[in-house]
Amino acid sequence: MIDTVWKPFAKEFISDLKQSVDLKQIDCIVMNHNEDDHSGALPELMKEIPDTPIYCTKMGEAIIRGHFHQDWNFVNVKTDDVLDIGDHRLVFIEAKMLHWPDTMFTYMTGDNILFSNDGFGQHYATELLYNNTVDQAELYREAIKYYANILTLYSPMVKTKIKEILAMKVPVDLICPSHGVIWKDNPMQIIEAYQKWADNYQENQITIIYDTMWDATRRMAEGIAAGIQAEDPSVTIKLYNAAKIDKNDISTEVFKSKGILVGSPTINYGYSFSIGGILEMLCGLKFKNKKAAAFGSYGWSGEAVRKISEQLKKGGFEVTGEGLQCQWAPDASAIRICGQFGKEFAAYLQKNK
């Protein structure tokens, strides 16, 4: 058996498993990764079959012990170790930091299945099992969202691991991640997508992220967007209120973008908490090769723009200037200035592709 499920579903998992197989017939448990959503049902399972060996990496054993404090029958494995299960063999492939230090993949010969754990997955719930049975646009939207929010930080490791897998030159008929659909129809398509996403990915897109108190910063954002569109009609513009839109959706659009603009009113000599949260998240993901600028409205002190710029620089963004401020609500003249700011940002991106 490969992996379990999240703890809230442990009893249901064991009940369903018993309907499919006599638990005493389970000869081995492979734990590819031991985050709670993968290992949460392990204690319930081990109550039923306490002596069954658990195959995992050395770090995997440490994490399981750290979670559950049990002295189970652990068998540590590493890359190229093989477990003979009769007609098939399980070949283990360590995949450290994709996205935890314990992660590994398991390849099953004969049926040519790559059990890829978090790799190639999606946070996508469907009753349909396979990639060719679901809406393709929806599937890829979820797949890139998963990559952007979970694996972006580890893109160098993704590139290295994909090269290693391809170098094995083994047939892959199914890729079975632990989240989302199984890749059955042309399973290599998701590996090809990962190769692109891991290589400082960007599209012809600019994303504008803002929060607003009394609509002044919102109006600035819309004015900047109009200026970008006037300068470069071919570019896709995404405009998001950080206080209202899911943070994972925003970071996905940042992942796709060649440039971003972040705006906030000045609040308590800083920026709003929603902008603070999204900046912290974006900086942690360490996006590469992206331009950025800051903007915002203020009443009397005006620190937000400077502080946003500083945070963007810390996160690895190339900040293109000092940013744009508007005191109180923007009038027609200020909106024109916002438009010019957007034009200049778009022109800079066109010049510095």
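Patches, as I use the word, are made of residues with over 30% relative accessible area and no salt bridge, where nonpolar side chains (Val, Leu, Ile, Met, Phe, Trp, Tyr) are joined within 5 Å. A salt bridge is a side-chain nitrogen of Lys or Arg within 4 Å of a carboxyl oxygen of Asp or Glu. Accessible areas come from the Shrake-Rupley method with a 1.4 Å probe.

I noted that the model is predicted, that local features need pLDDT of at least 70 and side-chain atom pairs 80 or more, and that totals for linings use all residues. Residues are numbered from 1 along each chain, and side-chain values use heavy atoms, without hydrogens or water.

Entry one, the patch. I found a nonpolar surface patch of about 490 Å², made by Tyr-269, Trp-300 and Trp-328. I placed Trp-328 in the loop between β14 (324-327) and α12 (332-351). Trp-328 is exposed (over 50% relative accessible area), at 53%.

On a 1 Å grid, a pocket is an open set of points with protein on both sides within 12 Å along at least five of seven lines, and lining residues have an atom within 4 Å of a point. The second largest pocket has a volume of about 320 Å³. I counted 17 lining residues, with Met-213, Thr-266, Tyr-298, Gly-299 and Trp-328 nearest the centre. α8 (216-231) and β12 (291-298) each supply at least two residues of this lining.

Of its 26 lining residues, Val-5, Pro-177, Ser-178, His-179 and Gly-180 are the closest to the centre.

Key. 1 Å grid on protein atoms, 1.4 Å probe; cavity = no way out; pocket = protein on both sides within 12 Å on 5 of 7 lines; lining within 4 Å. Points joined across faces, edges and corners; volume = space filled by probe spheres on them. Helix = DSSP H or I, 4+ residues; strand = E, 2+ residues; numbered from the N terminus. Patch = residues over 30% accessible without salt bridge, like charges linked within 9 Å, V, L, I, M, F, W, Y side chains within 5 Å. Buried < 20%, exposed > 50% of the residue type's maximum accessible area, 1.4 Å probe, protein only.
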